[in-house]
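The sequence and structure are shown first.

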Amino acid sequence: MLSCIRVRGLFTTSYPMLDSPPPTYHLPTLYKQREVGLADVLDRVLNKGVMIQGDAIISVADIPLIRLNIRLLISSESTYQKSLLS
Amino acid sequence: MNNELYYIYCLSRQEMRLPIGTSQIEIGNIWVIYARVPHAEFGQEALAKHIKDLAWVTTKAQKHSAIVQMCHLQTSVVPMRFPTIFETWESTRASIAENKAQYTAFLTKIDQKNEWTVRLYAQEDTLKIHLAKNIPALLLINEQMKTAQAGKGFILAKQYEKVLTEAIDAFIAQKAQLFIEAITPQTTEGIEVPLKYPQEDLVAHKIIAKYIFLVDKNQEDAFKNTLEQFHDQLEPQGIAFLYSGAWAIYNFLPHA
């Protein structure tokens, strides 16, 4: 399933629903669009959302570690590109 | 030990068309969107190892986000934090049932709403040019510098930089305040997010503020129009707006 957006005269692109976050608008460069989009995804999925207490066998006690690593991830183009390819 | 675990993506109040690889089941009027995942990958020991692998985390987090987004496009959902995993179906059912009232309240609150992220960026060179032309004190110092001797010129240059820095800060604060006043009527709730990631700076654009808004779907056109107007007005003066959405609701849910 594809959805199409237009980014104010810069380019037109398609977003495969299972591969892309919601679109970002007003973008100086395509690469940075991806980077900001990734930051939005990781911040929401890893740090927000409902955290069930109780029987969940995986707690999110490692969140500080995850946060630290996200910073490194976002600042590292090579790691980011690898993650896209994996 | 079970070979499979239960990975929960999100909850909703109605049955939906499922993303590939997921299943749904109703627990007391709450629909649970989940997948069975291998213990070898998502068990406690395996996860402790994987969670340090940035590529693995990124891939799985993106998948989690995409599935939640697909569900959110159909109906309101309560997204689970990555990774929410249960060892048995009985424990999954018990946890959902225990928190059912809270989830129902969440789903009522967020019905027909989306979440939007808005970032404000400063383009310093453009800001300096704009303010240099429009701040009387800067115009005056600039005039004085044209005829000043070397020593006096040095002092004036320092004074110019100080006034310019203060003017930039004041201009940004004023425009951010005007933006918040204009956008508030089109939003249900808003959060100013601390700037944790300097990496959110763009090429020649420094991030100056980040907001997350809860927006009713029938207000989204007005919301986006306001953003567009501010961007069109302020981008030539050095403040750009970048926004993303419409997201599932992650930031306005009390944690269960």
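## Basis and domains

Domain bounds, as used here, come from an automatic or database domain assignment. On that basis chain B is divided into domain 1 (4-111) and domain 2 (115-247), and the C-alpha centres of domain 1 of chain B and domain 2 of chain B lie 39 Å apart.

The model is predicted, so local features need pLDDT of at least 70 and side-chain atom pairs count only at pLDDT 80 or more, whereas totals for chains, interfaces and linings use all residues. Residues are numbered from 1 along each chain as its sequence is written, chains are lettered from A and ligands numbered from 1 in the order in which they are written, and side-chain values use heavy atoms, with hydrogens and water left out.

## Overall dimensions

Chain B contains 9 helices and 9 strands, where helices (H or I, at least four residues) and strands (E, at least two) are DSSP runs numbered from the N terminus. Its C-alpha atoms fill a box of roughly 85 × 40 × 25 Å along the principal axes. The radius of gyration of chain B is 25 Å, while a compact globule of 256 residues would have one near 18 Å; this quantity is taken over C-alpha atoms, and the globule rule is 2.2 Å times the number of residues to the power 0.38.

Of the 256 residues of chain B, 53% count as buried, that is, under 20% relative accessible area, with exposed meaning over 50% and partly exposed in between (1.4 Å probe, protein chains only). Contacts are defined by heavy atoms within 4.5 Å, and among those in chain B with a separation of 6 or more, residues 24 or more positions apart account for 76%.

## Nonpolar cores

A nonpolar core is a set of buried Ala, Val, Leu, Ile, Met, Phe, Trp, Tyr and Cys residues joined through side-chain atoms within 4.5 Å. The largest one has 31 residues, and those with the most contacts inside it include B:Val118, B:Phe179, B:Phe213 and B:Phe223. Elements of chain B giving two or more residues to this core include β6 (113-122), α6 (124-134), α7 and α8 (150-183), and α8(B) supplies the largest share, 11 residues.

A second, separate core of 28 residues includes B:Cys10, B:Met16, B:Ala61 and B:Ala248.

## Helices α6 and α7

In α6(B), the residues B:Leu127, B:His130, B:Leu131 and B:Ala132 are buried, and the buried residues of this helix pack against β6, α7, α8 and β9 of chain B. B:His130 counts as buried because its relative accessibility is 18%; leaving aside residues up to four places away in sequence, B:His130 touches B:Phe171 and B:Gln237.

B:Leu138 lies in helix α7 (residues 136-147) of chain B and counts as buried because its relative accessibility is 1%. Not counting residues up to four places away in sequence, B:Leu138 touches B:Leu131, B:Ala132, B:Tyr160, B:Val163 and B:Leu164.

## Helix α5

Which residues of helix α5 (residues 100-109) of chain B are buried? They are B:Tyr103, B:Phe106 and B:Leu107, and because they cover an arc of only 95° around the axis, they lie on the same side of α5(B); the arc is that of the directions from the helix axis to the C-beta atoms. The buried residues of α5(B) pack against β1 (4-12), β3 (30-38), β4 (77-79) and α4 (89-98) of chain B.
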